[in-house]
Amino acid sequence: MSLAQDARVAARPATMAQRAARTWPEINNPAAWVVAVILLIMPLIANGFFLIEIFASTLILGTMALSLMFLAGYGGMVSLMQLTIAGFSAYMVAVFGISGNANISLGWPWWLAVPMALALATAFGTLGGALAVRTEGIYTIMITLAIGAAFYYFTNQNWAIFNGHTGINTVATPHFWGVNWRADIPFYYVVLAVAALCYFAVEYLSRAPFGLALQGVRDNPRRMAALGFNVNAHRIAAYAFASFVAALAGVLQVWNYRQISPGSVSVGACIDVLIIAVVGGITRPIGPFIGALIFVLLRTFALDFLVRLGLDGNRFRLLIGLGFLAIVFWSSDGVIGLWQRWRQSQRRPAANQPGRGRGHG
Amino acid sequence: MSRFVERHPAWALIAIIAVAVALWLIFAVWPPGLEEAVGRKRVFLNAVFNGITLGGLYFLVASGFTLIFGLMRNVNLAHGSLYLFGGYVGYAISTATGSWVLSFIVAFILTALVGVLLQVIVFRRMEGQDLRQTMVTIGLSIVFADLMLWACGGDFYQVQTPNWLIGPVELPLITAIKSSGEPVYLRYPMVRLVIFAASVIIGVAMWLALNRTRIGMIIRAGVDDRDILAATGVRIQLVFVLVFAFGAGLAGIAGVVGGTFQSLSPGEDIRFLLASLVVVIVGGMGSIPGAALGALIIGLAEQLGSVYIPTYAIVVTFLIMVLVLAIRPQGLLARR
């Protein structure tokens, strides 16, 4: 349970939070403003490849991992089915909207298909969550993993709706007000807007009464039940919110690739989302985005990098796995935790030396 | 058993009727009406036998998984990787020496060694941190999967069945009556029956070892309360290493069995990890009889499903899991 324990420490400054509850923590942080400005003027800096393949992909994956971070960090529930929910929503966009597979797609306009997909995916995730909250801790991982796998095999075998292992291709993207929203720059801004919305929604919820109650449930469900909180209702509501976030990411995902197939909802991909969240750090909403950036950079450049070192370029997953292992071994709070520890060691270099090898004992 | 009947007479009656119907379906000659409605009896019997033997294979994988979980609270998500590793080792040995039995022994020893290394190097350092251990096993499974892909490539391998097991055997089960009045008996691959018998023997031996020996007593005590057991002076770390080695070794054996039944390729590790997950969720975490029951149910559901409702076979398995979670979240045979 070390992951949840460290989250507790991060959420500790309650007195400060009470005073500053109405303001956002980002307002007084110059680094946050710099990042925001860079993200906004990104299309001036980066060309199409970097804009979409790196930054838009990072934001989409980060949003998916954000939904996992919300569940794991604030609710103490590590759900491996967040990608499955995103994939379900992506499939629903393809099925209800317009695509190359005319015999399957219903041909609804995007402003009907997307809310439908969001609603269905949220319902799907909430149902799965209602099933998962019947158990706790590691059991949740197993059950959500089993749900994800069942969905993967189901999409592979079902031809009537999911079109088997070929999936659904050439999904139409929105086109209105004279703008092609899948063109590089507009799409980047759409993705950025959705990711920012989800980020601030999670940030807000974590300090709203619901989020505080959820963190209470994470730390001591029995005491919260004694205080009159409905523990399972809070957990299921958390699943519902996380499902909605994941569903939004799924819509962006299908617009990005313009196709969806069982390969995108495979078990490996489900685990990738967990890796992203854990590597970035699951105690704060910024973590998943950092993790996603690292993951996407590795995925894109590991091949060239490994070949330049004279190694086999196909060992990208080995690199990811080893990096994940290293992070889990040495920092329970991902890259953020490493950064914070480094900052603290800078601040008081002498006092830190003995505490170094403490680990998690 | 009798206590169960006393406490749930209605469920016991339903179970008895279900068993009676199943026995009738297996042993009786089907009337023509039934054959028209459901299909040939040979198909049904084959599906049942495939399901039971697949259940034997699932039991081999899942029993190690459930044993490790029961004692150490460690959800070893790298269990599928151990399965695949055992399979590859078995393939290498059987092609090199031509001996099928030897491949089992070597696969058991090597995967058990990997298990010992994992327990000593990795899991001992983070005892009691369930979630972190699970994360580590996920990382390990990724690393193992890629290392095995590196070493063995993406090809399909099949372990060669030895000569004395090739070919079908005739079972005293009538599938149909010819028009001449001559009964037709079921023919079924010998190797599958032998492997099933072996998995039953392993299961019974495990049950006996757990319930009748001193080390079994220690393990059962450890499942109930690890800390008190350690306080009584048992060298619990040694017990942990032994159990992890045995569970991993079982996965290795199952890998050779799976390589003989089906085939070995990247992706099989995840498939069998999920199968054992579903089996232990259905049967009850940490319970060996639960693993046996769960394996039987899942194996039968998968095979019967793939014959009678081919599109949704996987969904049937999943529905069983959902149903069990809804009615009895701790699993069918779990004590707590």
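**Exercise 1. Determine what share of chain B is buried, and describe its fold and overall dimensions.**

Solution. Step one: in this predicted model, 47% of the 336 residues of chain B count as buried. Step two: the secondary structure of chain B comprises 14 helices and 2 strands. Step three: the radius of gyration of chain B is 21 Å, close to the 20 Å that the globule rule gives for 336 residues, so chain B is as compact as a globular protein of that length. Step four: along the principal axes, the C-alpha atoms of chain B fill a box of roughly 70 × 55 × 35 Å. Step five: among the contacts in chain B with a separation of 6 or more, 74% are accounted for by residues 24 or more positions apart. As for confidence, chain B averages a pLDDT of 83, and 97% of the residues score at least 70.

**Exercise 2. Identify which residues touch the most other members of the largest nonpolar core, and examine B:Val61.**

Solution. Step one: the largest nonpolar core holds 197 residues, of which A:Val93, A:Ala146 and B:Val61 touch the most other members. Step two: the element that gives the most to this core is helix H11 (residues 236–261) of chain B, with 16 residues. Step three: once the neighbours within four places in sequence are left aside, B:Val61 is in contact with B:Tyr83, B:Ala251, B:Ala254, B:Phe272, B:Ala275 and B:Ser276.

**Exercise 3. Work out how many residues of each chain are in contact with the other, and which elements of chain B take part.**

Solution. Step one: 29 residues of chain B are in contact with 35 residues of chain A. Step two: on the side of chain B that touches chain A, two or more residues come from each of H7, helix H12 (268–283) and helix H14 (313–327) of chain B. Step three: H7(B) gives the most to that side, with 14 residues. Step four: sorted by class, that side of chain B has 22 nonpolar, 4 polar and 3 charged residues. For the complex, the predictor gives an ipTM of 0.73 and a pTM of 0.80.

**Exercise 4. Compare the span of helix H15 of chain A with the expected value, and list what is buried in H15(A) and what covers it.**

Solution. Step one: helix H15 (residues 316–330) of chain A has 15 residues and reaches 21 Å from its first C-alpha to its last, which is close to the 21 Å expected at 1.5 Å a residue. Step two: the buried residues of H15(A) include A:Arg317, A:Leu318, A:Ile320, A:Gly321, A:Phe324, A:Ile327 and A:Val328. Step three: the cover over these buried residues includes helix H13 (267–280), helix H14 (286–308) and helix H16 (334–347) of chain A, together with helix H7 (130–152) of chain B.

**Exercise 5. Decide whether A:Pro186 and A:Arg258 are buried, partly exposed or exposed, and place each in chain A.**

Solution. Step one: a buried residue needs 20 or more other C-beta atoms within 10 Å, while an exposed one has 12 or fewer. Step two: A:Pro186 has 15 C-beta neighbours inside 10 Å, so A:Pro186 counts as partly exposed. Step three: A:Pro186 is found in helix H9 (residues 184–207) of chain A and, not counting residues up to four places away in sequence, touches A:Val179, A:Asn180 and A:Trp181. Step four: A:Arg258 has 16 other C-beta atoms within 10 Å and is therefore also partly exposed. Step five: A:Arg258 lies in the loop between helix H12 (231–257) and H13 of chain A, and its phi is near 60°, a positive value in a residue other than glycine.

Key. Residues are numbered from 1 along each chain as its sequence is written. Chains are lettered from A and ligands numbered from 1 in the order in which they are written. This is a predicted model: local features need pLDDT of at least 70, side-chain atom pairs count only at pLDDT 80 or more; totals for chains, interfaces and linings use all residues. pLDDT is the predictor's confidence in each residue, from 0 to 100. A nonpolar core is a set of buried Ala, Val, Leu, Ile, Met, Phe, Trp, Tyr and Cys residues joined through C-beta atoms within 7 Å. Helices (H or I, at least four residues) and strands (E, at least two) are DSSP runs, numbered from the N terminus. Two residues are in contact if their C-beta atoms, placed from the backbone, lie within 7 Å. The expected span of a helix is 1.5 Å times one less than its number of residues. Ala, Val, Leu, Ile, Met, Phe, Trp, Tyr, Cys and Pro count as nonpolar, Asp, Glu, Lys and Arg as charged, and the others, Gly among them, as polar. The radius of gyration is taken over C-alpha atoms; the globule rule is 2.2 Å times the number of residues to the power 0.38.
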